[in-house]
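Subject: Structure handover

Hello,

Here is the structure I promised to pass on. Please open it next to this email and follow along.

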Amino acid sequence: MSMENEFTVFIVRLPLGQHHLKPEEIDRSQANVMSDVFKKTAIPKIKDEPTKNDEDLISGRKIVLVIEDSEDMRTLIRFGLLDDYKIIEAQDGEEGEKMAIETCPDLIICDVSMPKKEGFEVAANLKKNEITSHIPIILLTGRASQSDIITGLETGVDAYLTKPFHTKELKIRVNKLMEQREKLKEK
């Protein structure tokens, strides 16, 4: 994709692993070294998700990070937002916090009750971090007590939705938060 006198985008795809190589093309002396490197390197998981094409990745679609330990809930959220946003996912609070710092998404949807780190802690840490403090966060939870809602809002989150929620409501909240951020950028 190119725009004259503006930019050119190149997409380079490199196959992972060795399955595409012939046995004589593999340098066995480096195999153990590379294996150790990959074991120690945190590589974010890339989900197979229905996407239109590679143009989606470079077209400026906004990125939404979904931090949720329930795979069913992540799937529900992903398919509710996939038409308009690029969705990346984390399955616990610790992984989600790292992904937020590494990818700096446009918006985060985070469950409250998760292993490793609760959503309240994740939200508070991300709002304190200079890299991620500007990112809108929507907390999702089954905890509907007034004290839980207040705790969530005190962390600086932008919205608090209780489960079960309607996907249309979530999509409207996401759209409105994205619009607000765009207006702020313009001003």
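Start with Lys116. Lys116 counts as exposed, because its relative accessibility is 64% and the cut-off for exposed is over 50%. You will find Lys116 in the loop between strand 5 and helix 5. Check its backbone too: phi is near 70°, a positive value in a residue other than glycine.

Keep in mind that this is a predicted model. The mean pLDDT of the chain is 77. Of its residues, 76% reach 70 or more. Among the elements, strand 3 (residues 63-67) has the highest mean pLDDT, at 92. Helix 1 (residues 31-40) has the lowest, at 42. Over residues 30-58 the pLDDT is below 50. Beyond near neighbours in sequence, that stretch has 21 contacts in the model.

Now the overall plan. The chain has seven helices and seven strands. Along the sequence, their order is β-β-α-α-β-α-β-α-β-α-β-α-β-α. There are 187 residues, and 34% of them are buried. The accessible surface comes to about 12100 Å². Carbon and sulfur atoms account for 53% of that surface. Take the contacts between residues at least 6 apart in sequence: 60% of them join residues at least 24 apart.

Next, helix 5 (residues 119-128). How many of its 10 residues are buried? Seven are, and helix 5 is mostly covered. The buried ones are Gly119, Phe120, Val122, Ala123, Ala124, Leu126 and Lys127. What do they pack against? Their partners include strand 3, strand 5 (107-111), strand 6 (137-141) and strand 7 (159-162). Helix 4 (93-103) and helix 6 (146-154) are also among the partners.

Then look at a helix pair. Two packed helices are described by the angle between their axes and the distance between the axes. For helix 3 (residues 71-81) and helix 7 (residues 167-186), the angle is about 60° and the axes are 10 Å apart. The two helices are therefore oblique to each other. Helix 3 passes helix 7 in a right-handed crossing. From helix 3, the residues involved are Leu76, Ile77, Gly80 and Leu81. They meet Thr167, Leu170, Lys171 and Val174 in helix 7.

Asp92 is worth a stop. It lies in the loop between strand 4 (86-90) and helix 4. Is Asp92 buried or exposed? Asp92 is buried, because its relative accessible area is 9% and buried means under 20%. Leaving aside neighbours within four places in sequence, Asp92 is in contact with Ile67, Met114, Pro115 and Lys116. So you meet Lys116 again here, as one of the contacts of Asp92. Asp92 and Asp69 are 23 residues apart in sequence. In space, they are 5.3 Å apart, C-alpha to C-alpha.

Two backbone details remain. Cys104 has a positive phi of about 45°, although it is not a glycine. Cys104 sits in the loop between helix 4 and strand 5. With a relative accessible area of 31%, Cys104 is partly exposed. The other detail is a cis peptide bond between Lys163 and Pro164, with omega about -5°. Pro164 is in the loop between strand 7 and helix 7.

Happy to go through any of this with you.

Best wishes

Note on methods: Residues numbered from 1 in each chain as written. Predicted model: local features only at pLDDT ≥ 70, side-chain atom pairs only at ≥ 80, totals over all residues. Heavy atoms only, no water. Helix = DSSP H or I, 4+ residues; strand = E, 2+ residues; numbered from the N terminus. Buried < 20%, exposed > 50% of the residue type's maximum accessible area, 1.4 Å probe, protein only. Contact = heavy atoms within 4.5 Å. Areas by Shrake-Rupley, 256 points an atom, 1.4 Å probe, with all protein chains shown as cover. pLDDT = per-residue confidence, 0-100. Axes fitted to C-alpha atoms, helices over the stretch in contact; angles between N-to-C directions. Parallel < 35°, antiparallel > 145°, perpendicular 65-115°, else oblique. Left-handed = near helix turned anticlockwise from the far one by under 90°.
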